Amino acid sequence: MQQFDVKSIIQTSPVAHAQPRDSAKWEVINGMDTAVEFASTAIEDARKKVLGVADVSCLSRYGVKGPNATQWLLERGIAIPTTPNSWTICEQKTLVLRLGSSEFLIEDQLGGSACTRLASDATRVASVYKVPRADAAFIVSGSEALNLFSELCSLDLREKSLATKDLIMTQVAGISATVIRQTLNGEPVYRVWCDGTYGPYMWEVLIEIATELGGGAVGLAQYQNS
Amino acid sequence: MIFRTPKQAGEWVNRTKKINFTFEGEAFSAFEGDTISSALWAAGQKVLGRSFKYHRARGVLSLANHDVNVLVTDGIDTNIRADVVEVKEGMVLTAVNTSGGVKKDKNSYIDSISPLLPVGFYYKAFHTPRRLFPFWESVIRKAAGLGIVNFDYPRILKRKTHSHCDVLVIGAGPTGLTAACAAAEAGLEVTIVDENRQLGGSLGYNRAGDSSVVSQLDILLAKAANMPNIKVMAGAYAAGYYPDHLIPVVSDSGINKVRAKAVIVASGAFEQPPVFRYNDLPGVMLGSAVQRLIYRYAVKPFNNGIVVTANDYGYRVALDLLQAGTKIAALVDMRQTGSAAYSAVLAKRGVKVYIGHCVYEAIASSDKSGVRGAVICAYDEKQNIALTDNKFTLECDGVAMSAGWAPAGALLYQAGTGMQFDYDVEQFVPSRLPNGMFAAGKVNGVFELEQRVRDGVRAANDAIRHLGLQAPQNEAEKHVGISPSHPYPMVPHPKGKNFVDFDEDIQIKDFVNAAKEGFDNIELMKRFTTVGMGPSQGKHSNMNAIRILAKIRDLPVEKIGTTTSRPFFHPTPIGHLGGRGFHSHRLTSLHDWHQANGAVFTDIGAWKRAAYYPAAGQSKEDAIQTEALAVRKTAGIIDGSSFGKIEIHGPDAALFLERFFTGVYTDQKVGSCRYVMLLDESGVVVDDGIASRLADDLFYLSIGTSNAAAVYREMQRSQQMWQLNLGLVNVTGAFGAINIAGPAAREILSTLTDLDLSYESFPMSSVRESQVAAVETRMIRVAFVADNGYELHAPMGQIPYLWNALIAAGKKHALRPFGSDTQRLLRLEMGHAMPGVDTDGLTNPFEIGAEWAIKMSKPYFIGQRSLTILAKRPLRKQLVPFVLAENYTGEMPMDCNLVVDGRDILGRVTSISYSKYLDRCIGFAYVTPSKKEAGSVFQIRVDSGALVAATVIRTPFIKTLKGA
Amino acid sequence: MKLLTCPMNGTRPLSEFVFGGEYRQAPDQDTCTDAEWAAYVHNRSGAPGDKKEWWYHSPSGTWFIAERNTLTDKVTRTYLLGQNNTTQEEGK
């Protein structure tokens with residue numbers, strides 16, 4: 001039998017199909033080949049301020065649901081958002097999204113380890129069900145972000161309507177997505193998650209509009225030190 | 001001759017910036033801010049367009065976006081509304097719908113034969129003989145029409161965006177502006193929209209010669225501008241009303257769908273023309289058009305005019321004309337009462353006022369390009385008779401006309417507002433407003449400026465209270481005094497040409513004729529006469545049409561009612577409506593590989609799937625047969641990542657499956673797979689798939705691509721009803737799947753896994769979890785496309801690695817990728833009927849011979865009770881596998897060709913294909929149950945009508961025909 | 001576009017929802033007659049009035065019941081099945 005090593009498996013961002021293979025700079029992050037740079041830092045900085053779209057699908061995620069999921073996570077040191085459809089941050093900036101009342105999506109930021117820890121826990125507990133995740137995930141930043149969402153989403157995503165810790169499951173560009181508003185490095189940004197198989201489509205739509213509005217693609221490198 | 005007035009307070013033109021353009025080949029200049037019409041009118045150009053039907057010369061009518069006889073073409077853009085579109089440097093304009101130019105339109109002869117073209121003419125004249133209709137249609141279409149559509153028009157996508165506010169105010173006249181400020185002062189978030197590029201509405205131009213009202217407008221505008229919570233959308237129109245206060249607002253840049261919590265409609269009223277002979281000549285225009293010309297564009301409408309009025313408004317217009325330097329030959333008031341106060345003012349200015357008179361007809365100038373006078377005579381308002389005995393003629397070069405108003409109530413109607421006719425204002429006014437809708441100002445029957453301002457505040461307060469805040473409840477404003485609209489400003493004339501609808505050249509007699517023909521209901525009359533069906537949608541004609549019909553039928557106006565108002569309120573370009581197309585699609589993680597290897601893609605549900613991989617120059621049919629042969633002879637591999645994949649966790653998982661599907665799962669062994677079939681409550685087959693038991697409390701379900709989302713949705717609903725102890729996890733996107741099948745599949749797989757793949761330890765219909773090429777994989781042994789098949793399910797992101805490992809390992813076995821089209825052929829060769837392909841919305845399991853998959857003795861499953869009923873009845877049809885004769889070379893039957901017996905229809909073909917491997921045409925068809933036994937022969941009627949014999953055989957086809 | 005209030009996710013445009021048909025109590029399939037069952041499966045009352053309906057909020061996968069008057073198209077309340085003691089008003 002041929003020899004294979006799980007460590008040699010390099011995944012590709014679910015969004016990659018829609019991204020430029022040649023002109024972007026690619027790097028393997030968390031085992032996933034990811035576009036870290038689309039243009040010079042100066043250009044990307046400018047885009048970020050107006051309307052930047054970054055692919056952060058490579059962040060580690062862990063999903064769990066079930067009547068006992070809250071308890072199970074608490075026992076493993078994960079902070080739980082107190083109300084359904086809200087989110088919170090725990091150690092190492094790990095995001096904890098509460099999808100409805102009894103489903104959770106945990107997302108480590110770069111350098112975080114909560115998901116790896118949770119994934120290695122093989123104990124099976126009653127009424128706790130693991131939800132395998134393969135999300136396409138995005139950061140949308142800049143002054144024109146709301147202008148972009150006004151075309152993609154019929155909900156009011158302004159600060160006065162989308163409270164700081166609110167999480168909404170809605171349709172973005174016609175497909176189901178989860179959206180929160182977050183502050184990263186002092187800047188307000190929107191985070192968007194959708195099924196990875198819709199990732200290329202979502203990227204194309206976001207970039208098309210972002211470009212029209214004076215922004216564009218931003219590499220993950222822009223967020224690697226945050 | 002240049003018709004510019006001295007500078008007007010608040011004028012919209014910028015005199016320091018000159019604009020050059022051409023119209024009909026002639027050079028013109030304008031000021032920045034001029035509309036095309038105002039610039040041409042200022043330059044003395046009177047014939048601006050030709051009418052739709054009779055090609056009559058037309059000029060300015062409303063200057064309010066209803067001048068649909070003045071549509072122009074500018075390059076690739078056509079049907080531009082010259083009365084409101086700003087003229088731009090370098091425009092090269094021509095009028096639409098002319099033959100040889102607007103001045104000498106060759107089609108103007110149609111006007112002289114108009115008696116031969118009565119209402120409804122087209123409906124009647126050209127349908128016998130029928131064969132000539134296409135000829136006449138082409139002639140009529142050329143003669144009557146709008147701009148010519150340029151087929152090279154580029155695809156311009158406009159944005160469709162959403163916005164949100166507490167209160168949307170429609171109309172930024174004094175009423176709307178006041179309402180917006182009042183709502184904003186209460187802390188509400190207000191959006192105000194107006195179709196004009198500058199706010200102010202009639203406050204900007206209804207001055208009666210006194211420009212001090214401008215300062216009132218300035219104060220109001222400054223107040224609104226200083227409110228950060230007022231968002232202004234100017235040059236944009238509220239195009240329709242959709243439930244729960246969704247209003248699409250259309251502007252040049254696209255459509256903004258405004259979701260409001262409350263809506264204040266302050267859209268004002270459209271001025272309505274009095275109807276008299278030749279009221280359409282260039283130079284005859286509405287009073288408010290006169291005012292717009294003067295105060296917005298500083299254009300003198302004419303030098304020596306006549307004002308004809310049936311309300312007090314005409315007197316105000318006369319004062320505006322005087323202010324602009326126009327001489328007034330006479331003011332003709334159709335009312336017996338006249339207006340003592342205004343008459344005195346005008347008399348003081350030396351204007352002759354004729355009370356109880358009418359313009360009997362306007363007189364065209366010799367070249368019919370304008371008006372040179374008007375015939376005036378006494379008018380009996382009560383009897384609606386022109387008393388022509390003492391008629392006389394006055395010279396003039398223009399006629400201003402005022403008769404009344406029609407509410408701009410389209411959005412109110414669309415929202416379901418109850419309207420009633422108010423005789424105090426001779427207009428329909430809202431009587432029962434929907435929740436959260438408010439009306440104020442002229443649309444609400446309130447006309448005096450002070451009252452309108454108060455009505456704006458009142459409406460704002462109503463909206464504020466509606467939104468749960470405190471505000472006083474003001475009393476509703478009520479119009480007092482003389483009605484702003486005349487009940488019947490129509491002057492009969494034996495020779496007609498007294499136009500009611502300028503869009504479609506409809507005269508009074510057309511209504512009379514339509515009623516005589518029996519079309520005496522307003523909706524029928526609209527269709528027969530086409531009143532209100534032109535581009536202005538009856539904004540200046542519907543009210544008069546209703547009045548005329550009321551007179552014909554001798555009924556009060558409110559008994560006639562109005563036609564139905566529908567979105568959009570105003571013509572909206574297709575590019576706006578289309579917007580950016582969002583065509584969402586799902587890609588598997590192997591999409592790049594498929595592309596690189598020449599796959600042809602097909603849409604299945606939301607997915608793009610590789611259908612087949614043609615070699616250079618290879619036909620689709622060849623590619624499919626080649627791929628299928630590889631699976632039969634060596635091995636093939638397909639990306640099945642789009643399959644629906646659902647995990648059912650928990651102690652009640654098996655019980656759930658037993659209730660949801662037709663089979664038995666409680667005794668299913670861990671590591672084994674079972675067929676699942678889903679029925680609906682009526683016992684119709686919905687879908688099927690495979691349930692693999694991974695643990696006592698964990699099943700892994702794989703189902704077809706196209707129905708997966710719906711099946712998962714139904715599982716969620718069932719779980720909510722049944723409340724079993726389990727969790728459903730949809731892993732369709734998180735897991736990918738690969739199916740490797742064919743004689744060499746096992747050997748290829750064995751090089752990538754330690755798992756014992758012997759048929760004894762990994763038999764058919766079983767599932768194993770093991771590493772394949774170091775990827776944690778769920779392996780399912782299925783015989784969907786071939787006897788030796790393995791479905792490998794693994795995390796979507798690791799699928800490409802697994803796939804490449806399989807491809808590499810399969811190289812020496814001639815492993816070949818195959819697509820979803822090939823899969824269809826392969827499953828047919830295996831004799832698998834597919835729900836949705838070989839079944840339809842009425843098929844029950846007995847008809848497809850699926851009794852084996854049903855466990856009737858279970859306590860419950862969806863559709864069970866219906867099956868007990870169906871089981872008692874004789875079968876009406878039966879799905880059978882069939883073959884055509886060996887070496888059949890005739891016309892190939894198609895899916896859905898009928899199975900016939902003489903003139904009786906027995907059934908239909910559901911799947912048919914040639915199989916190169918079997919060298920036979922094989923398929924499935926429904927037949928009468930008497931023909932279901934192997935060896936029975938039935939006839940298929942192909943498209944040409946020929947009959948093709950087919951023979952029922954047993955499946956799998958590959959076993960029966962090839963002994964494989 | 002109409003708004004509908006999902007008991008879990010709040011007020012959303014109708015495009016986020018899938019209609020799931022009228023909510024009806026099935027007769028006891030073990031005791032009912034064939035005719036009763038057939039009537040349940042195949043007959044619907046088209047008469048306008050207050051109806052209980054199934055609705056599904058797609059982005060979150062939430063099934064719920066909406067009480068809607070099919071004449072006025074007004075939704076009086078929405079709730080998760082079995083939790084119909086809370087009143088939810090339709091978004092204004």
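Visitor: Hi! Where is Pro956(B) found?
Guide: Pro956(B) is in the loop between β47 (947-952) and α25 (957-962) of chain B. Helices here are DSSP runs of H or I with at least four residues, strands are runs of E with at least two, and both are numbered from the N terminus.

Visitor: And what about the peptide bond from Thr955(B) to Pro956(B), cis or trans?
Guide: That bond is cis, and its omega is near -5 degrees.

Visitor: Before I go on, what kind of model is this?
Guide: The model is predicted: local features need pLDDT of at least 70 and side-chain atom pairs count only at pLDDT 80 or more, while totals for chains, interfaces and linings use all residues. Residues are numbered from 1 along each chain as its sequence is written, and chains are lettered from A and ligands numbered from 1 in the order in which they are written.

Visitor: Okay, what about the bond from Pro567(B) to Phe568(B)?
Guide: The peptide bond joining Pro567(B) to Phe568(B) is cis, with omega near -5 degrees. Phe568(B) lies in the loop between α15 (557-560) and α16 (574-578) of chain B.

Visitor: Now phi. What is the value for Tyr278(B)?
Guide: Tyr278(B) has phi near 60 degrees, which is positive although the residue is not glycine. You'll find Tyr278(B) in the loop between β14 (269-272) and β15 (284-286) of chain B.

Visitor: Is Tyr278(B) buried or exposed?
Guide: Buried, because 23 other C-beta atoms lie within 10 Å. The cut-off for buried is 20 or more such atoms within 10 Å, 12 or fewer is exposed, and in between is partly exposed, with C-beta atoms placed from the backbone.

Visitor: What about Lys497(B), and where is it?
Guide: Lys497(B) is in the loop between α11 (449-466) and β27 (499-501) of chain B. Its phi is positive too, about 55 degrees, and Lys497(B) is not a glycine. Lys497(B) counts as buried, since 21 other C-beta atoms are within 10 Å.

Visitor: Zooming out, how many helices and strands does chain B have?
Guide: Chain B has 25 helices and 47 strands. Along the principal axes, its C-alpha atoms fill a box of roughly 115 × 70 × 55 Å. Of the 964 residues of chain B, 54% are buried.

Visitor: Next, the partner chain. How many residues of chain C are in contact with chain B?
Guide: On the chain C side there are 18 residues, in contact with 17 residues of chain B; contact means C-beta atoms, placed from the backbone, within 7 Å. The elements of chain C giving two or more residues to that side are β3 (17-22), α1 and β4 (50-57). The largest share comes from α1(C), with 5 residues.

Visitor: So which helix of chain B comes within 10 Å of α1 of chain C?
Guide: That is α24 (residues 864-872) of chain B; its axis and that of α1 (residues 34-42) of chain C come within 10 Å and cross at roughly 120 degrees. The two helices are therefore oblique to each other, as under 35 degrees counts as roughly parallel, over 145 as roughly antiparallel, 65 to 115 as roughly perpendicular and the rest as oblique. Axes are lines fitted to C-alpha atoms, for helices over the stretch in contact, with angles from 0 to 180 degrees between N-to-C directions.

Visitor: Which residues make that contact?
Guide: From α24(B) come Arg865(B), Ser866(B) and Ile869(B), and from α1(C) come Asp34(C), Trp37(C), Ala38(C) and Val41(C).

Methods. Two residues are in contact if their C-beta atoms, placed from the backbone, lie within 7 Å.
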